[in-house]
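The sequence and the structure come first.

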Amino acid sequence: MPATGKPKGQTPGRLLKRADFLAARGGEKRRGRLFLVEVLDRGDDLSPRVGYTVTKKVGNAVMRNRVRRRLREAVRMHAADDMAPGNDYVIVGREDVLAVSFGQLKAELSRRLRGTR
């Protein structure tokens, strides 16, 4: 990482529309203890896009936003380079994201995005 503290790789686009989130549900599912990653191959060579969701089962709005912020930062700082071009990623966060260290979160996220177990 450069001295500015910003990631040096590509920054993924964002999934904003509900239809994009629902389309990603039809793709590959990579389950883990901390989160579920849904991956949809769009079939183009554009930059990858990522979306985050946390259900109300996790807790109140404060907890859900903390989970979302940790996931977003882990992708920004570390895992964006592991995303393949032409894919949409939806990361469904779980409550355990708040209990693990940030290093463990980054490693697990990177492994799930690459598709390795």
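## Helices on the sheet

Helix H2 (residues 61-77) lies across strand E3 (35-41), E4 and strand E5 (87-93), and runs at about 155° to E4. Helices (H or I, at least four residues) and strands (E, at least two) are DSSP runs, numbered from the N terminus. Axes are lines fitted to C-alpha atoms, for helices over the stretch in contact, and angles run from 0 to 180 degrees between N-to-C directions. Helix H3 (residues 102-114) also packs on the sheet, where it touches E2, E3 and E5; its direction makes about 30° with that of E3. Contact means heavy atoms within 4.5 Å.

## Basis of the model

This is a predicted model, in which local features need pLDDT of at least 70 and side-chain atom pairs count only at pLDDT 80 or more, while totals for chains, interfaces and linings use all residues. Residues are numbered from 1 along each chain as its sequence is written, and side-chain values use heavy atoms, with hydrogens and water left out.

## Overall make-up

The protein has three helices and five strands, in the order β-α-β-β-β-α-β-α from the N terminus on. Of its 117 residues, 39% are buried (under 20% relative accessible area; exposed is over 50%, partly exposed in between; 1.4 Å probe, protein chains only). Among contacts with a separation of 6 or more, 78% are between residues 24 or more positions apart.

## The sheet

Five strands form an open sheet with mixed pairing, in the order E1-E4-E5-E3-E2. Its edge strands, E1 (13-14) and E2 (28-31), each pair on one side only. Two strands pair if DSSP finds at least two bridges between them. E1 and strand E4 (residues 49-54) run parallel and are joined by two bridges. Gly-13 stands opposite Arg-49 in E4.

## Where H2 meets H3

The axes of H2 and H3 come within 10 Å and cross at roughly 65°. H2 is therefore roughly perpendicular to H3 (65 to 115 degrees; under 35 is roughly parallel, over 145 roughly antiparallel, the rest oblique). The contact is made by Arg-70, Leu-71, Glu-73, Ala-74 and Val-75 of H2 and by Phe-102, Leu-105, Lys-106 and Leu-109 of H3.

Glu-73, in helix H2, is partly exposed, with a relative accessible area of 30%. The C-alpha atoms of Glu-73 and Lys-106 are separated by 9.1 Å, and the two residues are 33 residues apart along the chain.
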